[in-house]
Amino acid sequence: MKALFILFLSFFFSISTYALPVVNENIAPPGLQNMVVWRDHQSPSHFYILPKGFRREDYYQWGFTIHKELIQVSFRQDFDTENIYKIQDYFYKNTKYPSYGEVEFEDFNLNLGSMMDNFVTKKTCYNYVETTIAHLEYDGDNRYVHCRFYLNEIGMNDLVPFLQKGKFLAYSVSAKIKGMKRLADGSYIPVTIDVGFPLKLNYPKSK
Amino acid sequence: MKTLLLAGLIFSSGLYAAPIVNKNIATKGSKVTIWPDHLDSNQFYYAPKSLKLAKDENGKVMFNAFEYKMPGCGLLKQCRLMYMNSFFEVDFAEKDLNDQIAAIMQSQPKAKFSPIAYMESVVIFSNLLKPFIADHNCASRGGQAMDLVPCGLILNKKGIEKIAMMLSEGLPVTFNFNYTISGVVEGENPRYRNEERIYSVGVNMGGEDLIHHPDLDQ
């Protein structure tokens, strides 16, 4: 948590100097190459760290007479906090006054498609165009996705018991990222890339 | 201002640049692809061989499935569906890769190796599987080389009989994963020319981890 706090604190302090990430070079330090770290194309000491995916944060379930069963679930960006410490340590030793930031997402979508349709009477994590998130918010240090699933009988009798056994559903979040591509001569051109992040919907272990 | 910008570029261009994509230096016959960097002679990039079913931190394969019936179909088997979930991870052919790295390190002890950075990646789901599938979300955008790739399938009756049975017997179900990289091509004049290339590798759902998997043998 402390690592995340430092990461985003440095983001707010450095917001005036950063430009765009160089998206065709992963400069994750040796031994930490399961992470994606991009450097800024203008500031040599500003770095961007990508999340590994989205993990379930909250899971609430209620029974209702009309809707039978309602699941409300939140997903949060999943940063590997232990590795963030190591990355910060590496750049602290190798770069003067390093700072870190979040990559800006555009067209941020949870790609449920119609995969949940057999299990729900209604789902409200998108409300206007299919696969578009209606509710995306920042709480100062992270991004959330909130969904509400109103389960039908199959959802209650088959899906929930399946999740309660420690199983998961596999989805993805897609986004567009504006960045810079570094060319062979050292110059840059602006690019927008499409990226996907894995998202796992599972049941809380403690429940 | 120009000087400052130039200084920034030089400072930041340091170690990492672009792979020379027409210069695979892996030994002939090896399963891996290793490209050198066009600026740093100690930097090398390796490419994925394929994607395989991922394992979680406990070594458990990230695959599960459950069967359900649509309402009102009673005992009819035609109404059965199977929701199958999996996450895939990159297969670098680790043994081959480690052999190649060891060989390069003998002549270049300071050599550094990184997985290739994708500009973009996407799963290309096979049309051949469509008769067996009621729905899927497998043709999703991917992330970088070390990120998990999700895939959810809803099998129809035919799919349960064929695909689930194949997987339970250890037979593979395959589709493709495309990734785009931004590199350079080495030539004469200019020595390096920018090039964006799309490569395709197989996604292998199946293998010994799924043989008689409890979710498939229902």
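Below are exercises on a predicted two-chain model, each with a worked solution.

Because the model is predicted, local features need pLDDT of at least 70 and side-chain atom pairs count only at pLDDT 80 or more, while totals for chains, interfaces and linings use all residues. Residues are numbered from 1 along each chain as its sequence is written, chains are lettered from A and ligands numbered from 1 in the order in which they are written, and side-chain values use heavy atoms, with hydrogens and water left out.

**Exercise 1. Layout of chain B**

Task: State how many helices and strands chain B has, and give their order.

Solution: 
- Step 1. Take the elements as DSSP runs: helices are H or I with at least four residues, strands are E with at least two, both numbered from the N terminus.
- Step 2. Chain B then has three helices and 11 strands.
- Step 3. Read from the N terminus, the order is α-β-β-β-β-β-α-β-β-β-β-α-β-β.
- Step 4. Check burial, where buried means under 20% relative accessible area, exposed over 50% and partly exposed in between (1.4 Å probe, protein chains only). Chain B has 218 residues, and 50% of them count as buried.
- Step 5. Check contacts, meaning heavy atoms within 4.5 Å. Of the contacts in chain B between residues at least 6 apart in sequence, 64% join residues at least 24 apart.

**Exercise 2. The nonpolar cores**

Task: Find the largest nonpolar core and the residues with the most contacts inside it.

Solution: 
- Step 1. The largest core holds 53 residues. B:M84, B:F88, B:L153, B:L155, B:L167 and B:F177 have the most contacts inside it.
- Step 2. Strand β10 of chain B (residues 173-186) supplies the largest share of this core, six residues.
- Step 3. A second, separate core has 47 residues, including A:V36, A:F105, A:L159 and A:I193.
- Step 4. Look around B:M84. Leaving out residues up to four places away in sequence, its contacts include B:F63, B:C151, B:A164, B:M205 and B:L216.

**Exercise 3. The interface of chains A and B**

Task: Describe the interface of chain A and chain B by residues, area and polar links.

Solution: 
- Step 1. Count residues. 44 residues of chain A are in contact with 52 residues of chain B.
- Step 2. Take the buried area, the accessible area (1.4 Å probe) that two parts lose on being put together, summed over both. The two chains bury about 4,200 Å², with 59% of it on carbon and sulfur atoms.
- Step 3. Apply the salt-bridge rule: a side-chain nitrogen of Lys or Arg within 4 Å of a carboxyl oxygen of Asp or Glu. Four salt bridges cross the interface. A:D194 and B:R141 form a salt bridge at 3.7 Å, N to O.
- Step 4. Count polar contacts: N or O atoms within 3.5 Å; within protein, one must be able to donate a hydrogen and the other to accept it, and residues adjacent in sequence count only if both atoms are side-chain atoms. There are 16 residue pairs in polar contact between the chains, both residues at pLDDT 80 or more.
- Step 5. Assign elements. On the side of chain A that touches chain B, β1 (37-39), α3 (153-164), β10 (168-182) and β11 (188-202) of chain A each give two or more residues. β11(A) gives the most, with 10 residues.

**Exercise 4. Salt bridges inside the chains**

Solution: 
- Step 1. Start with the total: 25 salt bridges over all chains.
- Step 2. A:R76 lies in strand β4 (residues 68-78) of chain A and A:E57 in strand β3 (residues 53-64) of chain A, 19 residues apart.
- Step 3. B:D40 sits in the loop between β1 (33-36) and β2 (43-47) of chain B and B:K112 in strand β6 (residues 112-115) of chain B, so the pair ties together parts 72 residues apart in sequence.
- Step 4. Shared partners join A:R55, A:E57, A:R76 and A:D78 into one salt-bridge network.

Note on methods
Core = buried A, V, L, I, M, F, W, Y, C linked by side-chain atoms within 4.5 Å.
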